[in-house]
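Please look through the structure shown below before reading on.

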Amino acid sequence: MACLGNFALFLVLFVILNAQCRAVTIEEKDENTFKNTPTDTGSTTNTSGGGHEPAAIQTLPIVTWKWHHVETPYLVALWILTCWLCKLVCELNHKITSVIPESGVLIILGFVLGGIVWGADKAQTFKLVPVNFFYYLLPQIILDASYCMPNKLFFSNLGAILIHAVIATCWNAASVGIALWGCYEGGAMGNLDIGPLQFLLFGALLSAVDPVAVIAVFEEVHVNEVLYILVFGESLLNDGVTVVLYSVFDAFVSLGGPKINAEEIIKGIISFFVVAFGGSFLGVVFAVITSMLTRITYKVQVIEAGFIIVIGYLSYLTAEMLSLSAILSITFMGVCCQKYINANMDEKSVTTLRYSLKVMANGSETMIFIFLGVSAIDKNIWVWNTGFILLTILFIIVFRFMGCFFLNWILNQTRLIPISFTDQLVMSYGGLRGAVAYGLAALLDEKKIPEKNLMLGTTLIVVYFTVVLQGITMKPLVQWLNVKRSTKSDLTLNGKANNRVFEHVVTAMEDICGRMGDNWWTRNWNHFEKKYVCWLLMKKDARKINDKILGAFHTLNMEDARNYVLENEVNGSLGFIRNYDAANVDFKEKIAFDYANIMPNIMADMSDYDFNIENVPVTSIIRNPVPSVSMDINEQDMRNINGNLTAHQILDQNLYQSRMHNHPAYSRSNYNTTQNPVEVQEIFQRTMRNRLESFKAAKRGISPANKKISKHSKKDSTMKTNGKPVDPHRTHPFGDEDFEFSADSASSSEAAANFPGRRSGAGIVNPAFIHEMETPSPMRNLPQTQTGNSRLPLKPTDLRGLTPPRMTNRSTDSVMMADASVNEKKPEKPEDKPGSHNTKL
Amino acid sequence: MGSTNSTLIKIPNVDELIQETGFSTAHIIRLHDRFKELDKERRGYLCPQDFGAIKGLAINPIGDRIIGAFFSPGRETVDFYTFVKILAHFRPADNSRPKESSSPEPINSRTNKLKFVFQMYDIDKDGKISRIDLLKALRSMLEMQVTEEQLDSIVDRTIQEADLDGDDAISFEEFRKSLEKVNIDHKMSIRFLR
């Protein structure tokens, strides 16, 4: 089955692609004819064209073929869809992705797609254009990576990351460039038209360790967090550095060899630092703006998350405009503002932001890899030079290893926790090149660099080599070297509190020793942040839960509350929460033996859920009758309307949803699935029961209905009335009869009110109730259903004795008539109609 | 070199100290200088007041407890020997030295580091972190905007997390268990003492 599904998916892919290719060929033909017509024949009209010319029309067209109107966005959307379907194909084949990393599979699929395009067009119509890559695909990936960056880890390893990102990158660029040039001079590559500066430029563009490729591979391997942050942080920052280096060397190449003197070189170095640090600084400025803005965006919560994305993109473009490092700008923007915006924004907005960034980042990542594959199928770019290509691959690996080990050796002299040998090995091996290198290579100017295509081709080979081959071998290598993997530790209050004690103790000891230690910076920054930065960038109430211990406490409470709700939702309802006296719920098994006030009362803003639980008293509360721990300011108000809420909740849980309110947006697709036979039967039984009650009452001539039922029925009926725009008794076809007989019985009025609900039948989707039907909650439902089982006829056919005397044309109403005319016992046509109803059930 | 030797001679039991703590002579000398700097009245020992004069400690929320760790119960002074021994807790563990099973556990071992933290909590020195202990410790570490009720709940929950035998207190064993996954050596070490 799975194979079949995959095959089908692939077929879809082919079809889409073919459609695209055909569209493009058609389009090209169109263009050709369009171009040709004026010159060749001189005719003024082009009737065979796409119909988009404002030519005189003979008659009003009903529909027209407007391909050219939608062409570009249509192709873009189709390509995006194609790429994403490719990712889906990858994900479906777990056997392949467990061996080859996903990025590698995507590139290979890209080859296939590129082959199809080539076959259809005889030319590579689609390829990754640097402008698209740098403006539309890269920013969201970087923003996502930096926004989700583990902040503390990043900043505590910032020194090492910066050293690797700046020095190692420069070293790689210089050494690869010079070594290649040396080999060229030595005659290893035959006759090429490349000068030393161009070799350096090539070295620079190849020094970019690509975050996209690195994340894609390392996330699958789960190495320990220090190693991860070192590789990841390095790859992120080193992109910025590479771009800067690239532009400096590019400028040198444009200047030409003879014009470069000491002054220009010094200028180049200065420009390097200005561009890199200026970009980072710009990012910080944008982070401050964003954080301050999110202090007030809660007024437009719907688009709150969008602000971050747009401002992030703006920071990227602004840096680009000022010719500063755009990648560094957006990186620092994301890293710096994440803490404050997460605190300022509503939890929902944070989730939205996180997910939308993930969607965008993963989407464009997929497209990048696919297009890296697609771009390869182009014979124009392939200039083969075995010596050049092999030497390039050799040098980038060798020099990466050398630089990495040397720098790590220096770093280890001062690090508290030295980077182990295996970690260094993995780090060096993790120097994957990716789309940034390709984008930069594609940016090369053919006029200045005659051998551009050779460089482009070589870059592509390097990318394939590193992403596919090194990617495949990475996992076995990590396993074989027994690299320390990441251990997932649970969030505990103990952990948080102890961490705090550790920090305090260590700083105190540093003070006693009278020396500035590692913690000096952290501590002073924390102090400064608390005093000024938070004041400036955080909302007042957000500042409150800033404390880590308190934050952990809050998170844990939320988690518990959520689990609690989920658990109990399965078992039935949460109605018992209301009953304070009966709220001895064991929250966790291990603390079940503990008594009062063990669990904090959880005040959770559970607005995610349909029911409004404003507090969950977990144990019987001795010390405090009302929940005391609350992160919510509104709690005070909530307490007051507590009673109100109880009623609301009972109503909400008891009511069947009317058809009218049934999934307004999706009613068409969900219509049939919502019909729950159990529920329908339940309504039927309830109606029958009520009818029986009223019948008995009428027979005995006493006041009807035991209390339980009447209580509920009142609520139900009131709610039904509320749910309807007009008075149900008015609109009800049998309103008159109903009034006649319901004068003495509340339950019969309920039956009448319930009736339309049953007749509509299909619109019953109260999830709470469905659960209750499966496992009835003892609190509310059991008494009813029990009485129903023991005393009531289960099937409509059993009701012969109660069936209505009057004839009616409305078949489904015959049951209702039982209620309307209990006194007269003339069974006329009860069997077939209710019976038919029964079969429907 | 001459000055180094002359300083070393002045320190009593210096060889034993090096043996016990694992500090190098350079460390001992540096710590000795610091000790003398703190000992403003040149008495040869430190009083709690001397520690209180350190600016950073004064603003440290659990500074008092940390100072208290230097003084064994009932004593008001700490000499250089004890001073160094306390600081030796924070020397990073060295993996390079061969482990001799016969030698006593070094001061900077995991257990000893944990014990040090444990006594930060255990004010009444009964070997258990009781509810009251934890309440006080957390109160001093949390800001004032945390209400008493919140604090109570936090303390309850914290104890509950670690308490395995249900006596509403955390024993050292339980404390150690709760920190099993944490790399204490990384968190309780000072780089320049290596």
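The accessible surface of chain B amounts to about 10000 Å², and 52% of that area belongs to carbon and sulfur atoms; such areas come from the Shrake-Rupley method with a 1.4 Å probe, and for residues only the protein chains shown count as cover. This is a predicted model, in which local features need pLDDT of at least 70 and side-chain atom pairs count only at pLDDT 80 or more, while totals for chains, interfaces and linings use all residues, and side-chain values use heavy atoms, with hydrogens and water left out. Residues are numbered from 1 along each chain as its sequence is written, and chains are lettered from A and ligands numbered from 1 in the order in which they are written.

Of the 194 residues in chain B, 49% are buried, where buried means under 20% relative accessible area, exposed over 50%, and partly exposed in between, with a 1.4 Å probe and protein chains only. Chain B holds 12 helices and four strands, which are DSSP runs numbered from the N terminus (helices H or I with at least four residues, strands E with at least two). Among the contacts in chain B with a separation of 6 or more, 57% are between residues 24 or more positions apart, a contact being heavy atoms within 4.5 Å.

Although B:Lys125 and B:Pro73 are 52 residues apart in sequence, their C-alpha atoms are 9.5 Å apart in space.

In chain A, helix H12 (residues 304-321) and helix H13 (residues 326-344) have axes that come within 8 Å and cross at roughly 150°; axes are lines fitted to C-alpha atoms, for helices over the stretch in contact, and angles run from 0 to 180 degrees between N-to-C directions. H12(A) is therefore roughly antiparallel to H13(A), since angles under 35 degrees count as roughly parallel, over 145 as roughly antiparallel, 65 to 115 as roughly perpendicular and the rest as oblique.

Helix H14 (residues 347-374) of chain A packs against helix H18 (residues 452-481) of chain A at an angle of about 125°, with axes 11 Å apart, so H14(A) is oblique to H18(A). In this contact, A:Phe369, A:Leu372 and A:Gly373 of H14(A) meet A:Leu460, A:Val463, A:Tyr464 and A:Val467 of H18(A).
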